[in-house]
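This report describes one protein model in plain terms. Please look at the sequence and the structure before reading on.

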Amino acid sequence: MLKQRLITAAVLIPLVVLAILLLPSIGFIALMAAIALMAIWEWLSMAAMKPPTKILASLSFLAVLLVLFTMAVIQHVLLSGLIFWLLASLIIVVFAHRPLPGFLARCFHNKVFTYLLSMLVALLFVYSAVWLHGLANNGPVLVLYVLVSVWLADTGGYFAGKRWGKHALAKAISPNKTLEGLAGALILVAVWSVLAYQLGVAEDLWIITWIVISLTTGLISVSGDLFESLFKRSYQTKDSGNLLPGHGGMLDRVDSLLAAVPFFAALMWLTGQF
């Protein structure tokens, strides 16, 4: 499994980096929309929805995304992403070690709820990623920074959890994740944030502000992973798909990014520097 993960990562990472840095805006929008559509498709497949429903969801997603891009709603979308992922994180913290209550359990196993949540999460992700990528000074670099932060958080969490993991992070949601793994994830993100700051990625932000933004984004990326796990546990599914060898489906690969990108974009917007 680890060998497959490494091979897949070795192939995909250079392609993703080049796409972020070299694609024009329209190409980047198309790439993000394609990733989101694959994630939506897999999310609805977990809920055993039929192809016509998934096609309708895909067309609806594209229509709403187009409308958003034609309206002056930047602050509303970015703040919505921030609030949504804070609320999702609150649910995860409260029910990390105990089952969801009846009402919430029924929501996470409800197909309409799943449909609406997949659409919302995908829209917030794509819009925020495109906004971030389009920033005048170093937008593509900031997008790449978030991706590397999430990759390092995943890597630190995996290896620290394997080596030292003893205390469950969210036993009722994902029993294999540990507090030690979370610590490993945040340490790598902290080191990366300082390095990136020295390289000028943060522009004129104060270093403490930059590190806080980076660490909270790292924490939220874990929430994205666990949020998907709530749905997988509800629908008794291990992986969202098998598109990426060693990684599962596209949703399994980008679940952390679905949360981290909107959250990071909102925090950067709130600094007033961008």
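The text below goes from the whole chain to single residues.

This is a predicted model, in which local features need pLDDT of at least 70 and side-chain atom pairs count only at pLDDT 80 or more, while totals for chains, interfaces and linings use all residues. Residues are numbered from 1 along each chain as its sequence is written, and side-chain values use heavy atoms, with hydrogens and water left out.

**Overall build**

The protein contains 10 helices and two strands. Here helices (H or I, at least four residues) and strands (E, at least two) are DSSP runs, numbered from the N terminus. In sequence order the pattern is α-α-α-α-α-α-α-β-β-α-α-α.

The C-alpha trace spans about 45 × 45 × 35 Å along its principal axes.

Of the 274 residues, 49% count as buried. Buried means under 20% relative accessible area, exposed means over 50%, and partly exposed lies in between (1.4 Å probe, protein chains only). The protein exposes about 13200 Å², and carbon and sulfur atoms supply 71% of that area. Such areas come from the Shrake-Rupley method with a 1.4 Å probe; for residues, only the protein chains shown count as cover.

A contact means heavy atoms within 4.5 Å. Among contacts in the protein with a separation of 6 or more, 77% are between residues 24 or more positions apart.

**The two strands**

Strand S1 (residues 168–170) and strand S2 (residues 174–178) run antiparallel and are joined by two bridges. Two strands pair if DSSP finds at least two bridges between them. Ala168 has Thr178 in S2 as its bridge partner. S1 and S2 form a hairpin, with three residues between them.

| Residue | Relative accessible area | Class |
|---|---|---|
| Ala36 | 1% | buried |
| Glu203 | 36% | partly exposed |
| Phe159 | 43% | partly exposed |
| Gln236 | 75% | exposed |

Ala36 lies in helix H2 (residues 25–46). Which residues does Ala36 touch, not counting residues up to four places away in sequence? They are Phe61, Ala122 and Val126. Ala36 and Leu258 are 222 residues apart along the chain, yet their C-alpha atoms are separated by 8.8 Å.

Phe159 is in helix H7 (residues 139–164). Phe159 and Trp210 are 51 residues apart in sequence, and their C-alpha atoms are 25 Å apart in space.

The other two residues in the table are in loops. Glu203 is in the loop between helix H8 (179–198) and helix H9 (207–234), and Gln236 is in the loop between H9 and helix H10 (250–270). The phi of Glu203 is near 55 degrees, a positive value in a residue other than glycine. Gln236 also has a phi near 55 degrees, again positive in a residue other than glycine. Most residues other than glycine have a negative phi.
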